[in-house]
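Have a look at the structure first, then read on.

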Amino acid sequence: MLLGLPISTPALVVLLFPTAYAQKETPATTSVVVQPGAPGEPSKMLPPSTRPTVPHLSQADVVFMEGMIMHHSQAVEMTAMIPSHTENKDVRSLGAKISSSQTDEINFMKGWLVARHEPISMAMPDMPGMDTSGQSMAPMPGMLTPKQMGELRQARGEEFDRLFLAGMIQHHNGALIMVKDLFDTAGAGQDADLFDFATDADNTQRAEIRIMQSMLDKTR
């Protein structure tokens with residue numbers, strides 16, 4: 001009897017020894033760290049103390065992004081001529097798609113550089129072909145020359161369509177070279193955001209080259 005009240009023996013055990021239940025602990029869980037193996041090789045179990053590391057930012061990554069901003073900017077400039085230079089619906093549709101996607105990519109690349117406290121452009125204002133140190137730069141792959149851009153501005157109708165498609169194929173092929181050079185550089189392209197961007201850009205521009213080549217063949 002407790003406090004004058006009758007109580008059964010099992011209940012008494014609970015009341016008198018509540019800590020016996022409170023002290024019961026769940027087994028501690030141990031995290032498992034798995035390192036995926038190379039193709040054809042098994043994965044490895046790493047110690048629980050293993051911590052992820054952030055890949056070192058390569059200068060080649062920065063140069064690639066700065067250069068690709070300039071490269072994309074010329075493509076956008078080319079597409080801006082379309083509304084006043086041709087009535088070809090297919091060229092207009094393709095140009096709008098290229099303009100939209102490459103403008104979005106330019107914004108992404110600028111944001112990527114700003115987040116890493118890197119300059120957005122490698123070129124001095126009004127001084128194409130010069131880097132920030134004033135030294136002359138090798139032209140980026142695929143970029144149209146001033147002569148080619150001038151011819152494109154002067155062309156109209158079918159002639160414009162032909163020059164635009166040929167020029168944009170050249171331009172896209174140059175971008176593919178830039179992506180390849182990035183991944184061929186030791187230590188470059190390890191940043192996850194950069195890797196995804198460069199891979200997507202490569203796939204997109206390869207697909208667009210095939211479309212433009214088919215359109216160009218029809219103009220001949």
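1. Asp191 is buried in this predicted model, because its relative accessible area of 16% falls under the 20% cut-off. Its salt-bridge partner is Arg116, with N and O 3.1 Å apart. The two sit in distant parts of the chain, 75 residues apart: Arg116 is in the loop between helix 5 (89-115) and strand 3 (123-124), and Asp191 is in the loop between helix 7 (157-184) and helix 8 (192-218). Arg116 itself is partly exposed, at 23% relative accessibility.

2. Next, have a look at Glu77 and Arg153, whose closest N and O atoms are 2.7 Å apart in a salt bridge. This one also links distant parts of the chain, from helix 3 (residues 59-80) to helix 6 (residues 146-154), 76 residues apart. Both ends are partly exposed, Glu77 at 36% and Arg153 at 38%.

3. Lys180 and Asp184 make a salt bridge too, at 2.6 Å from N to O. They are 4 residues apart in helix 7, so about one helical turn separates them. Both Lys180 and Asp184 are exposed.

4. Of its 220 residues, 30% count as buried. Among contacts with a separation of 6 or more, 71% come from residues 24 or more positions apart.

Methods
Residues are numbered from 1 along each chain as its sequence is written. This is a predicted model: local features need pLDDT of at least 70, side-chain atom pairs count only at pLDDT 80 or more; totals for chains, interfaces and linings use all residues. Side-chain values use heavy atoms; hydrogens and water are left out. Buried means under 20% relative accessible area, exposed over 50%, partly exposed in between (1.4 Å probe, protein chains only). Contact means heavy atoms within 4.5 Å. A salt bridge is a side-chain nitrogen of Lys or Arg within 4 Å of a carboxyl oxygen of Asp or Glu.
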